[in-house]
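Please read the following briefing alongside the sequence and the structure shown here.

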Amino acid sequence: MTAASSPLLSFLGRHGPRQPNSRPWPRFQLDQEGWIKLGGALASNSGWALLGLWAEAGPPAARVHVALLDEDNSALGIASLECPEGKFPSLAWTRPGAIRLERTVHDLWGLVAEGAEDDRPWLDHGTWPRPPGPGRTLAEAAAPYVFSPVEGWNLHQIPVGPVHAGIIEPGHFRFTCSGEAVVRLEERLGYVHKGIEHLLNGASLERAAKLVARVSGDSTVAYSLAFARAVEAATGSEVSPRAHHLRALMAEMERVANHLGDIGAICNDAAFAFMLAECGALREQVARTALACFGHRFMMDRIVPGGVAQDLTEDNAIKLVALVAMLRKRFPRLVKVYDNKASLQDRTMGTGTLSAALAHRFAAGGFIGRASSRSFDARLSLPYPPYDELEFTVPEYPDGDVNARVWVRIKEVEVSLGLIARLIASLPPGPACLPLTANGGEEVEGMALVEGFRGDILVWLRLAADGTVVRCHPRDPSWFQWPLLEAVIDGNIVPDFPLCNKSFNCSYAGHDL
């Protein structure tokens, strides 16, 4: 089957009209009955993954959107529902990845998910000066947060955070334990909420691009690419082949840098600091090369709508070739050290196991999904330039433990080094940036799905006739990965939590918006 014959798109088309000016994937406006039927269809079609759920205030009325992927046919569609009464039927009963997204929609837009499994606030910590919408009173907004009850014999709780001993972002973790064994973990996030979505409302494209690039700093290239592609899709703008290659070069460098840092940090949490030092040194070399070639250690603001902000010179291309050669020489030695260290394997193998069923149910992306048999990679499943012309494979493991997540990272570093070498060798001539196509005097919508180092990053936006942003929603892959961390720690001991947590390495900032 093909995307054109996707059961998902056929279902959405039967239950609501397709909206104009939505690119590159269609958006359908459902009514209340159609939205309820969508919940039933999701229950009977396990291959339809929920990719995102967000809202907007209107006019003409508040509206909620859900992005869905037909994984069997590589087809993507958006369903929308107007909420004139400030409520909508919950989808969380069939897609648990929607639970926290629905709670966030309530906090930010005041829309109530009817029949929700969890109606507690999520990003609102009771400190906002006024209720964010009609769905909650001020007294309710300021009510103390109640953690889910746990019953059993001889249980005790360990509260951790939100302030931590290390220099990391804030998050609260409430452990319920029987001795050293973790019976339940519940997270409380939202401490680094920045109001990104509201800051984007009415922003110029230049300002919006900078805001989206800073949603999660370690994924700045992927976020910039997703935003740029969403703008280009909405406006129907062309991008030069050279710009596509340069974008992919930066994206793969970002992937390599982050995976190197993660591999070292995971080993350090198993008390093997040698790998942290060695991988950290290699990561530093990637950052220095990025600075030399693209003018920024993290390549922030280097990708812009229409292309890239800085071209690659021949001399800098030679530096990238040298970087790849150096990493191909030194990295395999570190892999051999990891693979031959029995005491390290004892800590990572069988620890923090994520089942394939849960990975698929939450549509977990990136190394977390691929370590648990979910092979989805936006570069291959929904290919975009220049990946649609490159032949490569992504690693996949069935074990789902910390060790598998390390090996996915190892193999992805090797794949990315190969891609970087090929992209440099085939870098086409031409302009690095082209002007955007004008909107044509009407509102337009665009969406992009880009593979970052953690997984798929989604950006949906609506542009006004003058090109300013009416609404923009960036969705980090961590939204679907944080809940799974709660699941994998069950039955493990408390000292293994740092190891599990680092093997996931979810983004606080990307999640908290």
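**Strands, cavities and cysteines**

Strand 14 and strand 15 run antiparallel and are joined by 6 bridges, where strands (E, at least two residues) and helices (H or I, at least four) are DSSP runs numbered from the N terminus, and two strands pair if DSSP finds at least two bridges between them. This is a predicted model, in which local features need pLDDT of at least 70 and side-chain atom pairs count only at pLDDT 80 or more, whereas totals for chains, interfaces and linings use all residues. Residues are numbered from 1 along each chain as its sequence is written, and side-chain values use heavy atoms, with hydrogens and water left out.

**Strand 14 and its partners**

- Trp460 stands opposite His473 in strand 15, and in the hairpin of strand 14 and strand 15, which has 5 residues between the strands, Gly467 takes a positive phi near 90°.
- Strand 13 (residues 444-451) also pairs with strand 14, in the antiparallel sense and over 8 bridges, with Leu463 of strand 14 as the bridge partner of Val444.
- The hairpin of strand 13 and strand 14 has 4 residues between the strands, and there Gly455 takes a positive phi near 145°.
- Strand 14 (residues 456-463) is mostly covered, as 8 of its 8 residues are buried; buried means under 20% relative accessible area, exposed over 50% and partly exposed in between, with a 1.4 Å probe and protein chains only.
- In a regular strand the side chains alternate between the two faces of the sheet.
- Both faces of strand 14 are covered, with Asp456, Leu458, Trp460 and Arg462 buried on one side and Ile457, Val459, Leu461 and Leu463 buried on the other.

- An open sheet with mixed pairing is formed by 4 strands in the order 2-5-4-3.
- Strand 2 (27-30) and strand 3 stand at the edges with a single partner strand each, so one side of each is left without a neighbour in the sheet.

**Cavities**

- A search of the whole structure finds 2 cavities of 30 Å³ or more, a cavity being a set of points on a 1 Å grid over the protein atoms alone where a 1.4 Å probe fits but cannot get out, and its lining residues having an atom within 4 Å of a point.
- The largest cavity has a volume of about 120 Å³, a volume being the space filled by probe spheres set on the grid points, which are joined across faces, edges and corners.
- The largest cavity is lined by 14 residues, of which Glu254, Ala257, Arg283, Arg297 and Phe298 lie nearest its centre, and helix 8 (241-269) and helix 9 (273-294) each supply at least two residues of this lining.
- The second largest cavity has a volume of about 70 Å³, and of the 13 residues that line it, Leu53, Trp54, Thr104, Glu197 and His473 are the closest to its centre.
- Helix 3 gives the most to the lining of the second largest cavity, with 5 residues.

**Cysteines**

- The count comes to 0 disulfides, a disulfide being a pair of cysteine sulfur atoms within 2.5 Å.
- Cys279 is buried, with a relative accessible area of 0%, and its sulfur is 6.6 Å from the closest cysteine sulfur, in Cys267, too far for a bond.
- Cys433 is in no disulfide, the nearest cysteine sulfur, that of Cys472, being 18 Å away, and Cys433 is partly exposed, with a relative accessible area of 36%.

Note on methods. 1 Å grid on protein atoms, 1.4 Å probe; cavity = no way out; pocket = protein on both sides within 12 Å on 5 of 7 lines; lining within 4 Å.
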